[in-house]
Structure formats: structure tokens, C-alpha cells
Amino acid sequence: MIRLSHIDRVFFVGEEQVHALADVSLEISAGEYVAVMGPSGSGKSTLLNILGLLDRPTKGLYQLENDPISALSNEQQAQVRLNKIGFVFQFFHLIPRLTAAENVELPLILAGIDPGQRKPRVRQALESLGLSDRARHRPDQLSGGQRQRVAIARATIMRPSLILADEPTGNLDRTSGNEVIQILEDLNRSGISLIVVTHDPALGERAKRNIVMTDGQILSDRQQAP
Amino acid sequence: MKLENTLHFSIQALFGYPARTLLVLLAMAMGVASVMVLTSLGEGARLYINREFTSLGTNILIVLPGRSETTGGPPPLLGQTPRDLTLEDALSLKKSPFVAKVAPIVIGSAPVSWRQKDREVTILGTTADMFDIRQLTMGQGAFLPPGDPSSGSGIAVIGYKIKKELFGNQSALGEWIRIQDWRFRVIGVLAKKGQSLGMDMSDLVIIPVASAQSLFNTEALFRIMIQAKNRNAISTAKDAILRIIQDRHDGEDDITVITQDAILSTFDRIFTALTFTIAGIAAVSLGVAGILIMNVMLISVSQRKSEIGLLKALGAGYSQILQVFLAEAAILSMTGALLGLVLAFLGTYIIARLFPYFPVHIPPWSVAASVLTAQVTGLIFGVLPARRAAAMDPVSALSRR
Ligand SMILES: Nc1ncnc2c1ncn2[C@@H]1O[C@H](COP(=O)(O)OP(=O)(O)OP(=O)(O)O)[C@@H](O)[C@H]1O
Ligand SMILES: [Mg+2]
């Protein structure tokens, strides 16, 4: 599903070059559950942003479902993000003036889906995440765990094939963090590929595949024993 | 993303920042309203002057002694004064088939008294034709009778105000008044009528032109008012008048003929230009409102950075984000313009109530122009912020650095 070949991502800070990613090659098949770990500044977020088409590699080839991404125009890449990729962020990134339901509805609106079809889908998504009674609440009226669940509902409403989560539990206490991870794992069990960046070794242990990064390179990549 | 959804999203965003939205709306509304109120005042002034001139009578020409042309020709010889216009000059104009009425005018000021009351009054010496030319109406009695203008007689028509001041509620008809040392019998009182162009028709005494000439001891006419046969005859009448007088004055071209139309169209041009000028000045405030929209939208873009980054992560393309922010600018300028319309109609309504005599009226072109300008400036100044938003790098927009 995903194939990275010799990916470099170089930032220029003044005169200095920062190799956020250096010669990263990686393959991930459909339906995998991958945890990316490593010290701060090792390039985890950069990797995730490139996988999610929010950022472009300086060098190297990225193929998503066999299509080379660099061949796509900006608008086509936006379409890929809309239809195939769901993001879950550490800071939730809900729009504060919109209700939970309206936040979840956004991707459907961007996709130009009729209101008649949007409402039931939003209702169902909120229901499956136990948020039915919070549909009309705005983000500031929700707990952190609830906010992240709204964000997950939003990330999955378009039925993507890949979910990218950058420290999804980083801003949550252990209980609601566990809840969120449970939900993400449930989604993975239903066939969606899941890539989670985390600092928490306990969370990393739960994934079937562990990638550890340092200095923009993959230090280890191992499959958990079943 | 469908248009209605874009609009809905933009409206939600505008409601999300009410203070900022209100500020911009107010600026836009003030800009639009000032364009419309100012043009309505300019237009009102034009209509006012127009009305005043038509109340002077229709198809009027005025003959003045002396040339007032300032273009061409050598300067007049030293010591040369223009020849006076005489009563005979005036009467000779009746020869022209294009001239319908001729009213020679002698004007002066003299003390008028009745019994113990007396005061200084403007005396107008003229003929029966004046009645039709100035479209006067009688309150009581009759105007000067037609007859030989060159023989004077002791009759007078008095203005409404003079009648009130000298006679009060008593009847003035048939009474003898004294002008200087001469006695005149009042044969008519003019109806109460507004003043037109500085000449207060209620505050004067009208006597036969020959009597006025004796009274002021002069042969010279102040001017001659002429009514042409019809509208098309005005310019031919003008040429005829110039020729007739030139013949009588030994070939000297020493009079000036002003046509009412010429004056009217001059004023019309002046006031139309004035209206456009103030509309232009007021339009600057629309530009200012546009710049304000730009500033506010730029602030909005930088404050909503993470929202824009998020929209991009969710799959919004460049054009969708551009549309969202352009829609916001368009909604702001449109709503502001509509508010401005309401303000302008309210403002002109109040002005119309305060000054009933002054015709305020918002010209339709100014409604269209100001609303359109508001829209266009709003969109033009909305483009820069919208492009900045659409071009934003999602990674840095989403990061908390
Ligand atoms: N926009 C940028 N400009 C310059 N340098 C950057 C930029 N983004 C990332 N970097 C650098 O690239 C390297 C990798 O950053 P990245 O955010 O991927 O690290 P990370 O593994 O996610 O760290 P953390 O665990 O703290 O989130 C770091 O050295 C960082 O300073
Ligand atoms: Mg990171």
C-alpha cells in the first residue's frame, strides 16, 4: 500500500541544513498497525506528514497504492487526503465555533455530499464513538477524551484506508488515552491501516509492528511476535 | 464543496468573530451611505436650481446693455460706455415674429407711503407683458393694462407683503399711495408667491414703465425681458434681437442677450459635475472600507492558521480555501452595502423632513454605483488575504511552534 524509497527531507535553517529524514525506505501493507517511536526531533512527525501528503520529500519516491505521489497535482493530492487519509492530531484541531457534529461533517461538506446523506452519516459516526448526546456541544464544552473521539469521528467519516495519528494520546490522561487507542485499534481491526506516532513504550508494544527512528533514520523495524 | 456550503461556512466564521465583523460592516455601510447621501444632496441642489429657473417663466431671453463677452476682439476704447437701452429699443423688438412678449424693466428704490405708514420699496417699472412673462398671479384686482407703454399713468400693482405692511387687513384696491412725490392708485395686489432667484415679487411695487422713467428721471432701461414664441424660436429670436438693436445703435453690437436655456444648462452642468465630484470623494471612503476589509481578513487568516491547516489536512484544495475567504469578503461587503442603503434612505428621509423645500432624491445610478463599488473593492481587497490563506503550508499551520 505504502512504499517509500530513499526519502530525504531537508530543512534549511539559515545556512544550516537539517536532515529531518535521511534515506528512509519503508513498506507498509494494507491493514497494518504500525507504531513509530524515537527520541524528540528524530523525524517521526516529518515522516507522518510526508505519508499524509501534507509535506513533500526533498528527494526519493513515495508510492501510495502504487501511484507515485509526486506525479499528482496539489488539487489531486487534496483529493487523496480527503478520500483515503484520516488524521488524528495531538491537539485535536477541532474548529472551536462549530459543534461536534459540524466538525465531523466538514469532510463530507468538502467532498460535496448532499445534506440528506450527511446527517445520518454524522449521526452514525458520533453514535459509534459514544458521542450521540454530545453532538450539539462545542469543543470547549467537551473533555479532552471526548474531543479526541470527535476528531477520530471526523478522520473516519470518509471511510479512509489509512489513519495517521501523531501522539493521539499525548494530551490525554491514561484512561481516556486508553479509550482512544482502543477505538483506533478497533478501526484497524476493521481493515484500516493505522500508523501511530508515540512516546509511550506501552502503547508501542501494542502495535504489531514497531519502527524506531533516530536522527531521521530508521534504527529498527520489527514485527511483534503474534 | 458546494456554493451554499461555502457561504454557510463563511457566515459561521463571521459570526464567530462578531466584533470584527460589525466593525467592517459599519465601515462599509458608512462608505456606501455617504456616497448616496452626498450625491442626493448634489442632485437636490441641481433640481432646486432647475426649479427656480423654470419659475422665472418659460422661453425667456434677457437683454442687458453692454457687451459682457470676454473672448476675442480688441479691448473697448478708452472712455467708451455702452449705449443705454431705451423704451423705443424695447418696443422695436416686437417687430420680430419670433418674439411673443416684451417687458422693458426700469428698477429703482423709492419711499412709498400710505397715510402715516411709509417705507423704502423696490419699484419695478414695466408693461402688461410682464404678467405673462413672469407667470404672475393676481390676489386682487388687475395687473397693468395693455396700452401705449410710452405714456405713463398713476397706477400701481403692489406685492403681497407691501399690501400687508401698508394696509394690514384693509382693502388696498382703489387707494392712493405716494411714491416719492407722485400719487399712484392701487389697481391690483399680487398673489402670495414664493420668491424666485433673489427677486422677491411680494416686496415690490409695479408701475408703468414710463412713470418709472419719470420717477427716476432716466431714459435708460435696466434690462428687457422677452418671451420667445416657443422653445424652438429662442435662438432665432436671439439673433433677431441682436440684429434689430444693432441697426438701431448705428451698427454697434453693444448688448448682451442671455437665454434662460443657456443659464439653465450651465447650472445643470455645474451641478452635475459637482455631484460626480462629491460622489468621487465619498467613494474614497469605500476604498478605505475595502482596505479595512483587507486588514481584518489578514488578521483573520493569521488567527485562523490552524483552522486553515486543518482544512487542508482534511482534503480542502487551494481553490476551496480561496473560495471560503473570498466568500467572507463578499458577504462582508454585500451586507455592509445593504446596511449602507438603509442608512442612506433613512438619512435622506430625515433631510427631506428637515428641509421640505429642498428636493433630496437619491439618483438611481448612485445606488447602483456605490453598491457595485463596495462589492468590487470588497472582493479586490479580499483576494490578497484569501490567497495567503490558500497558499499556507499546512504543516507549519498545524504546528504549535
Ligand atoms: N519546518 C521546519 N523547519 C526547520 N526544521 C524543522 C522543521 N520541521 C522539523 N524540523 C526539524 O526536523 C527534525 C525532525 O522534526 P520532527 O518534528 O519530525 O521530529 P519528531 O520526531 O516529531 O519530534 P517530537 O517527538 O518532538 O515531535 C527536527 O530536528 C526539527 O527541528
Ligand atoms: Mg513530532
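Why is the site of ligand 1 shared between chains? Residues from chains A and B surround ligand 1, so the site belongs to both. This is a predicted model, in which local features need pLDDT of at least 70, side-chain atom pairs count only at pLDDT 80 or more, and totals for chains, interfaces and linings use all residues. Residues are numbered from 1 along each chain as its sequence is written, chains are lettered from A and ligands numbered from 1 in written order, and side-chain values use heavy atoms, without hydrogens and water.

Let's start at the ligand. There are 14 residues around ligand 1 (a heavy atom within 4 Å), and A:Ser40, A:Gly41, A:Lys44, A:Ser45 and A:Thr46 come nearest. The table gives some polar contacts, that is, pairs of N or O atoms within 3.5 Å.

| Residue | Atom in the residue | Distance to an oxygen atom of ligand 1 |
|---|---|---|
| A:Ser40 | polar side-chain atom | 2.4 Å |
| A:Gly41 | backbone N or O atom | 2.8 Å |
| A:His199 | side-chain N or O atom | 3.3 Å |

Taken alone, ligand 1 exposes 630 Å², and the protein buries 68% of that (Shrake-Rupley method, 1.4 Å probe).

Now to the two chains. In all, 24 residues of chain A are in contact with 27 residues of chain B (heavy atoms within 4.5 Å). About 2300 Å² is buried between chain A and chain B (accessible area lost on being put together, 1.4 Å probe, summed over both), and carbon and sulfur atoms give 61% of it. A:His93, A:Arg97 and A:Leu110 supply 31% of the area that chain A buries against chain B, more than any other three residues.

Two salt bridges (a side-chain nitrogen of Lys or Arg within 4 Å of a carboxyl oxygen of Asp or Glu) link chain A and chain B. The side chains of A:Asp114 and B:Lys2 meet in a salt bridge, at 2.6 Å from N to O.

Note on methods:
A polar contact is a pair of N or O atoms within 3.5 Å; within protein, one must be able to donate a hydrogen and the other to accept it, and residues adjacent in sequence count only if both atoms are side-chain atoms. Buried area is the accessible area (1.4 Å probe) that two parts lose on being put together, summed over both.
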